[in-house]
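Here's a quick look around one model, with a couple of residues and a helix picked out along the way. Have the viewer open and follow along.

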Amino acid sequence: MKEIKAYIRAHRTDPVIDALAEVPARPGIAVVALKEVGHRAGGNDIRTVDMVKLEIDVPDAQADTVVEIVLAAARTGAGHPGDGKVYVSDVATAIDIATGHVL
């Protein structure tokens, strides 16, 4: 199982979620609003940007597809610095709270 964390611009949230809704065996998505602090390109001034963190847990076989969808739907135009990042990690253990079963 893989955990995909995607830090994207807040205004790209709906397009990404809509695109992921088309995936067979639609993954669950946790959405966390946040402010990211970054530097402007070529300058030393700091600014905050409205971002969203998406957390998506999927079977290994589905991870590449989900990442490709997130990248395509989250990118602004031809892509700009600050569009975000995607991280993929292995999930060592997942346990269903209701049943106690290891997933």
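## Thr13

Keep in mind that this is a predicted model. Thr13 sits in helix 1, which runs over residues 13-20. Buried or exposed? Thr13 has a relative accessibility of 11%, and since the cut-off for buried is under 20%, Thr13 counts as buried. Setting aside neighbours within four places in sequence, Thr13 touches Ile8, Val31 and Val52.

## Lys85

Over in strand 4 (residues 84-90) you'll find Lys85. With a relative accessible area of 51%, Lys85 is exposed; the line for that is drawn at over 50%.

Lys85 still has contacts beyond four places in sequence, namely Lys5, Ala6 and Tyr7. As for Arg9, 76 residues separate it from Lys85 in sequence, while the C-alpha to C-alpha distance is 9.9 Å.

## Helix 2

Helix 2 covers residues 60-74, 15 residues in total. At 1.5 Å a residue they should span 21 Å, and the end C-alpha atoms are 21 Å apart, so the two agree.

Which residues of helix 2 are buried? They are Gln62, Ala63, Val66, Val67, Ile69, Val70, Ala73 and Ala74. Viewed down the helix axis, these fall within an arc of 165°, so they line one face of helix 2.

The buried residues of helix 2 pack against strand 1 (2-9), helix 1, strand 3 (46-58) and strand 4. On the other side of helix 2, the exposed residues are Ala61, Asp64, Glu68 and Ala72.

Definitions and conventions: Residues are numbered from 1 along each chain as its sequence is written. This is a predicted model: local features need pLDDT of at least 70, side-chain atom pairs count only at pLDDT 80 or more; totals for chains, interfaces and linings use all residues. Side-chain values use heavy atoms; hydrogens and water are left out. Helices (H or I, at least four residues) and strands (E, at least two) are DSSP runs, numbered from the N terminus. Buried means under 20% relative accessible area, exposed over 50%, partly exposed in between (1.4 Å probe, protein chains only). Contact means heavy atoms within 4.5 Å. The expected span of a helix is 1.5 Å times one less than its number of residues. The arc is that of the directions from the helix axis to the C-beta atoms.
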